[in-house]
Amino acid sequence: MCRGSFLPPLLLLAAALVAAAEPASTLSGPARPVTVPLGERGHAVDLPDTDPRVQRRVTGWAPEQVAVALSADPTSAWVSWITGDFQMGAAVQPLDPTTVASVVRYGLAADSLLHEASSGESLVYSQLYPFEGLQNYTSGIIHHVRLRGLDPGTKYYYQCGDPAIPDATSGVHAFRTMPAVGPRSYPERIAVVGDLGLTYNTTSTVEHMVRNQPDLILLLGDVCYANLYLTNGTGTDCYSCDFAKSTPIHETYQPRWDYWGRYMEPVTSTIPMMVVEGNHEIEEQIHNRTFAAYSSRFAFPSEESGSSSPFYYSFDAGGIHFVMLASYADYSRSGEQFRWLERDLAKVDRSVTPWLIAGWHAPWYTTYKAHYREADCMRVEMEELLYSHGVDVVFTGHVHAYERSNRVFNYTLDPCGPVHISVGDGGNREKMATGHADDAGGCPDPASTPDPFMGGVLCAANFTAGPAAGRFCWDRQPEYSAYRESSFGHGVLEVKNDTHALWRWHRNQDRYNAVGDEVYIVREPHKCLRPGNNKLTRLSSSPRLASSPLVTLVVSQESHRHRVVVQCGNSVSAPRISETQASPAESSSVIQSDTSPLVHALQSTASQDVSCFHFPGHNRGKAAPSSLSKLIGPGAFLHDLPELPELDDLFSPNGVILDAQKRASELFGSSKTWFLVNGTTCGIQASVMATCSPGDYLIVPRNCHISVISALVLSGAIPKYIIPEYNSGWDIAGGITPLQVEEAVKELEEDGKRVGGVLVTSPTYHGVCSNVQGIVSVCHPRGIPVIVDEAHGAHFRFHDSLPSTATEQGADLAVQSTHKVLCSLTQSSMLHMTGDLVSVDKVSQCLQVLQSSSPSYLLLSSLDAARDHLSKNTNIFDDPLAMALETKDQLTTVPGISVLDLPCFASDFPAIDPLRITLSASDLQLSGYEADDILYEGHQIVSELVGTRSVTFAVNLGTRAQDVEKLVQSAKHLSEKCFLANSSKLMKEHRVCDPLDMISVHLTPREAFFTKKRRVRIEDSLGEICGELICPYPPGIPVLIPGEVVTHDSLSYLMNVRHQGITISGAVDAELNSISVCDL
């Protein structure tokens, strides 16, 4: 035995004991799941209002409920307090906030408060219920004052109140600012608690927490549980069980907020506390107002962190950047919260703040039955973004138990995913969650999991791989769950340096210094962060396990990386990820650097040298039909690819499609944009289906496109037609007016009918624009969404001389044919959304129902390319507009030729598309069809639209100067040829009846569609109920709609167009010798 290698047995035992006591580390990989058996769960009974700790201990205007909150950085902080007492009663009179000044005096010693701050706000909020017998509430005056110019890591003494009023200032309190922002300084201890409430268990939690001497407290929602009470002060552990059926609104007892603030003042006045909202803060009241107490009582660094909402914000504390998010505000990718989060994360410098910690209320990775997968929609929307920026830890509450996860992403063990820690066990009176979703019989019905206040949409589906494949729940504790226990308590995070943090969870039933769960959370930036851009990089050292329980969603929301449609030569249960393929986050960083991400991804994928065993059968052009390949070239087949992982998924976009759609949204000025591969038709159908339920009324112009009629059949909505102004001399219908819409709405309201939406065609095929802004002003005050069929107006946003777009005028949904005047491929369109009257999720669901499950990436990439082309060429419409205007001017001088313009209509329509040229040769005794034949056969002029008395030409980005010159010369030749030849002739009197006038509706389009039919000769159809859509095409405006009575005018019009050989769409008999009628 070598000298120096011997250790006495006692020392060996001591060393072994020390080693055994060392906390586990995430460096060791995923921990084996642990479930602690149920034990003592404390005393979850609320403190009564007679408890001295919740009673008002001040008089007059003296401050109470004093609290400190952080600003965005350590040089600033907020001090809040309340002066005056609350009022409860049927009639309450709010206090005047200007009665008392808001002043904070502060300094470095209790007897030397040399600085003074008064910038901030004072307010009063009320909780009002418009129901007899319910008590209303109005608060004392709430003050928020911001202190600036503070030194980091410094203890400050302060006194708040109004020094000008005797006995109106508080005692002297003290708090410590956070350490300076930087990678070498951190708060010593950060306490984390959720669902605190005001029970005897709460007091135990708070006492334990204070003993641990935290520098900062994070409260993750569900504060005082005032909404478990009626306004008379009667409380319950379960409001929905005891009160919901007997109360007209979910009541609250607002004094519980004051009780909570008084009890917490010794803590909140000395330790900064940062709060996020929970579901118990919703608190509905009059005018559907919510979150009044939450948003009024707490100070938030929203403005300082670039947020416009108290529900989400960020702040720095030493080397930690905290992001506090909202589970009960819009978290969709098109919403402001998501956009703010993108901006905030993009500014984070991990060399300055190495740690990135997020917090919100509803957990994504809970295995308890209570709230199981309730927040999956939020996870789907935000997880990819947080993962790509390398969030280290996520804190949540909501579930009344404690649970810590292994590092996880998309329900998969992932060494670069965050650790999720749920601490919703602060002590509230709803008691403890004890059952697990993986217990026998514990798996909830999936339909019961969505929360209406989180959107009410089911985003979770069965797992697609691993031990839980094919099931909604695991049959044992999932591998991503490291530790769970049903006990009340709190947690403490001690960040040691830029890579190591110690997490400890303290149970209320233990001694003050005891630890229930602990682990070192270790960052691995060398593995998970790419230097320089702070984004997550490839996980080459951590291949995904085939047993990982990946998720494919029924609703179109899930990461493209985990929904692999194609499996080439691989029979394992888990999706394939190619070793040569960049990780999703890596791909994302490449995409962001390219201006047309979808085009770039398609090009990159097509250039791979791979052996393909996927569809389509031409196999990237190897088996392309030679005749078509010669016509369009092999490149089209090479890029005709299916939904490969790197190309994203149209119905659950998380990669290049999402990126491309967001860029389109920004360019077209919408809050959300969808790419469409079934044309504007499917966008119209989805818009109607998303706004109208069966039996709802859709107000719509009678000259709507046939897609609207099919939407009525699909949705079961009932049309309320508005007859547009009709110019019989041109045989052209114009737009509709706000007055017509208002009259239609009032008529339906008087009849007790529900209006699901208003649909406007603007511009029409001929370019006539309606006053969308005026129509919106009629509809929005009534909560009625406005849909605009803007198929012919996709270009309006791109020149000052063009009319305003529908979204600029406030329309909720606008569907545009990007392939018309713009330059994408035929059949590709976009659907744009603004505002929040229409559900984003509902639109997405409808589009998934209506669009092909095998979308063409050539069409999708053409939309991306068109958007990119427009963004790079800001003056792109200068030349087309100049050519169109000059052409119109020249055509008006040609004898016998007339040009359609606004004076042709009596209504005050705001604009007509200058790029749409509609001319008439009626003065030359020529119908529109005859004039078109001459122009085509004699001059090779191809028009866009032909009518009985007009021909329409669309000037676009590809129109050349020689093209418009040729059109003018051809019109002149037409005039010269026909003016003299026909001047002595009288034009045949084909009286053009207004086919849209005097319509008679007997059945709804849906009823007529499904009614038994019989065929009759068209001459014998007068008075019958039409059973099919009869529509001259173009323009695609129905003359007869299923359910309408065949009138003399409509029959005469159809006989006339049949005589002129116009193509008829929708009718089974295209020659229109017979029509289908309803056999009633």
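Predicted model: local features only at pLDDT ≥ 70, side-chain atom pairs only at ≥ 80, totals over all residues.
Strand 5 and strand 10 (residues 136-138) run antiparallel and are joined by three bridges.

Let us turn to the aromatic rings. The structure holds 34 aromatic pairs. Take Tyr158 and Phe175: their ring centres are 5.8 Å apart and their planes stand at 70°, so this pair is edge-to-face. The pair links distant parts of the chain, since Tyr158 sits in strand 12 (residues 155-161) and Phe175 in strand 13 (residues 173-176), 17 residues apart. Are these two residues buried or exposed? Tyr158 has a relative accessible area of 0%, so it is buried. Phe175, at 2% relative accessibility, counts as buried too.

A second pair to look for is Tyr365 with Tyr411, which is edge-to-face with 5.0 Å from centre to centre and 70° between the planes. Tyr365 lies in the loop between strand 19 (355-359) and helix 7 (376-388), while Tyr411 lies in the loop between strand 22 (408-409) and strand 23 (412-413), so the pair ties together parts that are 46 residues apart in sequence. Tyr365 is buried, with a relative accessible area of 5%, and Tyr411 counts as buried at 1% relative accessibility.

Rings can also join up in groups. Here, ring pairs link Trp257, Trp260, Phe291, Tyr294, Phe298, Phe300, Phe311, Tyr313, Phe315 and Phe322 into a cluster. Elsewhere, rings meet charged side chains. Arg523 lies over the face of Trp355, 5.8 Å from the ring centre.

Next come two helices. How do helix 6 and helix 7 lie relative to each other, roughly parallel or roughly antiparallel? The axes of helix 6 (residues 336-346) and helix 7 come within 11 Å and cross at roughly 5°. An angle under 35 degrees counts as roughly parallel, and the two helices are therefore roughly parallel to each other. On the helix 6 side, the contact is made by Gln337, Phe338, Leu341, Glu342 and Leu345, and on the helix 7 side by Glu381, Met382, Leu385 and Leu386.

Strand 36 has pairings with strand 34 and with strand 37. With strand 34 (residues 755-761), strand 36 pairs in the parallel sense over four bridges, and here Val788 is the bridge partner of Val760. With strand 37 (residues 813-816), strand 36 also runs parallel, joined by three bridges. In that pairing, Asp789 has Val815 of strand 37 as its bridge partner.

Strand 41 (residues 916-920) gives another view of a strand within its surroundings. Five of its five residues are buried, so strand 41 is largely enclosed by the rest of the structure. Arg916, Thr918 and Ser920 point one way, and Ile917 and Leu919 the other way. Which strands does strand 41 pair with? Strand 39 (residues 898-899) is joined to strand 41 by two bridges, and they run antiparallel. In this pairing Ser898 stands opposite Ser920. Strand 43 (residues 951-954) also runs antiparallel to strand 41, with four bridges between them, and Ile917 has Phe953 in strand 43 as its bridge partner.

Our last stop is Ser1076, found in strand 47 (residues 1074-1078). With a relative accessible area of 7%, Ser1076 is buried. Leaving aside residues up to four places away in sequence, Ser1076 touches Lys1013, Arg1014, Arg1015, Cys1026, Gly1027 and Glu1028.

Methods
Residues numbered from 1 in each chain as written. Heavy atoms only, no water. Phe/Tyr/Trp six-rings, centres within 6.5 Å; stacked < 30°, edge-to-face > 60°. Buried < 20%, exposed > 50% of the residue type's maximum accessible area, 1.4 Å probe, protein only. Lys NZ or Arg CZ within 6 Å of the ring centre and 35° of its normal. Pairing = 2+ DSSP bridges. Contact = heavy atoms within 4.5 Å. Axes fitted to C-alpha atoms, helices over the stretch in contact; angles between N-to-C directions. Parallel < 35°, antiparallel > 145°, perpendicular 65-115°, else oblique.
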